[in-house]
Amino acid sequence: NQEFRAIGVDLSKSEQALAQIDENTKDIDIQLIFNNAGYILFGLFTDRSLQAQMTNYHVNCTTAVMLTHHFLSKMIEKKLKG
């Protein structure tokens with residue numbers, strides 16, 4: 001049995017995103033995650049604000065690590081295969 005579920009969240013807000021995704025998937029066992037959201041900031045690093053850099057970092061790195069850790073831990077606990 002396979003199911004695809006798309007959940008719209010703001011990945012720049014890592015903890016909120018994880019909470020929303022967890023809430024919207026608590027009724028199913030996750031065994032595969034497409035963790036491919038992200039974007040690139042163009043131009044010189046110093047031409048972008050620190051806030052813009054941190055938002056980019058959270059979308060591209062922090063949230064991906066949090067989601068992977070969260071769902072992999074659940075998979076291991078339930079002895080599910082990926």
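**Note on a predicted model**

1. N56 belongs to helix α2, which covers residues 50–78. Helices here are DSSP runs (H or I, at least four residues), and strands are DSSP runs too (E, at least two); both are numbered from the N terminus. With a relative accessibility of 13%, N56 is classed as buried. The class limits are as follows: buried is under 20% relative accessible area, exposed is over 50%, and partly exposed is in between, using a 1.4 Å probe and protein chains only. Apart from neighbours within four places in sequence, N56 is in contact with Y39, I40 and L41, where contact means heavy atoms within 4.5 Å.

2. On the basis of the work: this is a predicted model, in which local features need pLDDT of at least 70 and side-chain atom pairs count only at pLDDT 80 or more, while totals for chains, interfaces and linings use all residues. Residues are numbered from 1 along each chain as its sequence is written, and side-chain values use heavy atoms, with hydrogens and water left out.

3. Q53 is another residue of helix α2. Its relative accessible area is 15%, so Q53 is buried. If residues up to four places away in sequence are not counted, Q53 touches L41, F45 and R48.

4. Which residues make up the largest nonpolar core? There are five: L18, I21, I30, L67 and F71. A nonpolar core is a set of buried Ala, Val, Leu, Ile, Met, Phe, Trp, Tyr and Cys residues joined through side-chain atoms within 4.5 Å. Two or more residues of this core come from each of α1 (14–25) and α2. Its member L67 touches L18, I21, I33 and N35, again not counting residues up to four places away in sequence.

5. The surface has a nonpolar patch formed by L50, M54 and Y57, with about 320 Å² of accessible area together. Patches are made of residues with over 30% relative accessible area and no salt bridge; like charges are joined within 9 Å, and nonpolar side chains (Val, Leu, Ile, Met, Phe, Trp, Tyr) within 5 Å. The areas come from the Shrake-Rupley method with a 1.4 Å probe, and for residues only the protein chains shown count as cover. Y57 is in helix α2 and, at 44% relative accessibility, counts as partly exposed.

6. Side chains of opposite charge can pair when their charged atoms come close. A salt bridge is counted when a side-chain nitrogen of Lys or Arg lies within 4 Å of a carboxyl oxygen of Asp or Glu. How many salt bridges does this rule give? The count is six. One of them joins D10 and K13, with the closest N and O atoms 3.3 Å apart. D10 is partly exposed at 36%, and K13 is partly exposed at 42%.

7. K74 and D22 also form a salt bridge, at 2.9 Å from N to O. K74 is in helix α2 and D22 in helix α1, so this pair ties together parts that are 52 residues apart in sequence. K74 has a relative accessible area of 30% and D22 has 23% relative accessibility; K74 is partly exposed, and so is D22.

8. In the salt bridge between D29 and K78, the closest N and O atoms are 2.7 Å apart. D29 lies in the loop between α1 and α2 while K78 lies in helix α2, so the pair ties together parts that are 49 residues apart in sequence. D29 is partly exposed at 44%, and K78 is partly exposed at 43%.

9. D27 sits in the loop between α1 and α2. Is D27 buried or exposed? D27 is exposed, because its relative accessible area is 57%. A polar contact of 2.8 Å joins its side chain to that of R5. A polar contact is a pair of N or O atoms within 3.5 Å; within protein, one must be able to donate a hydrogen and the other to accept it, and residues adjacent in sequence count only if both atoms are side-chain atoms. E3, R5 and D27 are linked in a network of salt bridges.

10. K26 is found in the loop between α1 and α2 and counts as exposed at 58% relative accessibility. Its side chain makes a polar contact of 2.9 Å with the side chain of E23. K26 and G38 are twelve residues apart along the chain, and their C-alpha atoms are separated by 24 Å.
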